[in-house]
Amino acid sequence: MPFILSIVQRFKNERRNMSLTSRHLLGLQGVPKEDIQLILDTATTFREVLERPIKKVPTLQGKTIVNLFYENSTRTRISFELAQKRLSADTINFSTSTSSAKKGETFKDTVRNIEAMKVDMIVVRHESAGVPQYLTRISKANILNAGDGLHEHPTQGLLDMYSIREKTGSLEGLKVCIVGDVGHSRVALSNIFGLNSMGAKVSVCGPLTMIPVGIEKLGVKIYTDINKAIAENDVLNVLRIQLERKAGQVIPSTREYHNYYGITAERIEKNNKNILILHPGPINRGVEITSEVADGPYQVILDQVTNGVAVRMAVLYLLGTMH
Ligand code: CP
């Protein structure tokens with residue numbers, strides 16, 4: 001390559017290494033490996049900030065962020081709010097139950113009114129898939145998807161990858177199995193897209209009624225035997241059985257599900273004592289996982305929650321400082 005072209009290429013690479021390719025985070029589908037790497041590496045820096053006596057940096061001072069939650073949340077909403085406060089942004093929390101949405105105001109009117117108050121970023125959770133994408137058309141703010149219907153939950157996928165990488169050192173070639181209610185899970189899709197980009201070997205395990213037809217086209221292997229899945233993988237990401245999304249229609253009972261697919265200490269000790277267990281929460285104890293495992297030595301469930309703040313700080317910082 002001629003000298004001048006190599007300089008230009010190096011400049012482009014250096015710029016690429018420091019900023020994301022999109023000003024929104026709508027999902028992990030199609031997000032380049034370099035972007036995911038940049039978010040995870042930036043999160044490592046913020047993870048250190050969270051260990052300091054004063055857990056605050058001035059990075060997003062002057063930015064205004066609204067958390068638009070049309071669906072219930074504990075972890076994601078608090079984690080985003082905390083991440084924004086740690087970055088010194090001004091934050092506003094919107095919840096449908098106390099808003100004029102209850103008086104019949106349309107979603108579009110609500111967003112336009114909030115935007116008229118000059119917000120820079122919108123974090124949105126909604127029961128309908130595609131709402132974050134729609135927001136990019138009606139708002140000038142940076143849009144961050146905090147979970148949309150059965151579509152994606154990108155920051156959960158990122159914090160899962162961060163938590164795995166923290167324990168294993170690398171995602172490349174790692175065997176990760178997503179267990180359970182895959183068909184109702186936006187966490188599963190974000191994990192599949194993100195982990196595939198990062199070079200992990202992804203599989204799913206569950207009764208076939210919970211596994212979407214054609215999922216193997218996303219490059220994932222299917223297990224129906226949980227013992228085999230535990231034996232052959234390095235990591236299990238155990239999904240919640242989403243009873244509020246009618247998961248009961250695809251399994252005879254939660255007791256039956258637990259008998260065939262529940263993650264128990266006995267199954268782990270028999271098949272693979274080196275396995276790492278993740279769960280995005282909230283947990284149905286005694287259904288997809290026993291308390292013995294959920295609180296035991298193989299899991300990193302609360303580490304995921306702590307890492308979630310650092311990962312969300314990284315995403316907010318990288319999007320909020322883009323030019
Ligand atoms: N993991 C997750 O999205 O949890 P919340 O529904 O409590 O935000």
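User: Is lysine 140 buried or exposed in this model?
Analyst: This is a predicted model, where local features need pLDDT of at least 70, side-chain atom pairs count only at pLDDT 80 or more, and totals for chains, interfaces and linings use all residues. Residues are numbered from 1 along each chain as its sequence is written, and side-chain values use heavy atoms, with hydrogens and water left out. Buried means under 20% relative accessible area, exposed over 50%, partly exposed in between (1.4 Å probe, protein chains only). Lysine 140 has a relative accessible area of 73%, so the residue is exposed.

User: How far apart are the C-alpha atoms of lysine 140 and proline 154?
Analyst: Lysine 140 sits in the loop between H5 and strand E4 (142–148). Helices (H or I, at least four residues) and strands (E, at least two) are DSSP runs, numbered from the N terminus. Proline 154 is 14 residues away along the chain, and the C-alpha separation is 20 Å.

User: Is arginine 137 buried or exposed?
Analyst: Arginine 137 belongs to helix H5 (residues 131–138). Its relative accessibility is 64%, so arginine 137 is exposed.

User: Why does strand E5 count as largely enclosed by the rest of the structure?
Analyst: Strand E5 covers residues 175–179. The strand is largely enclosed because, of its 5 residues, the number buried is 4.
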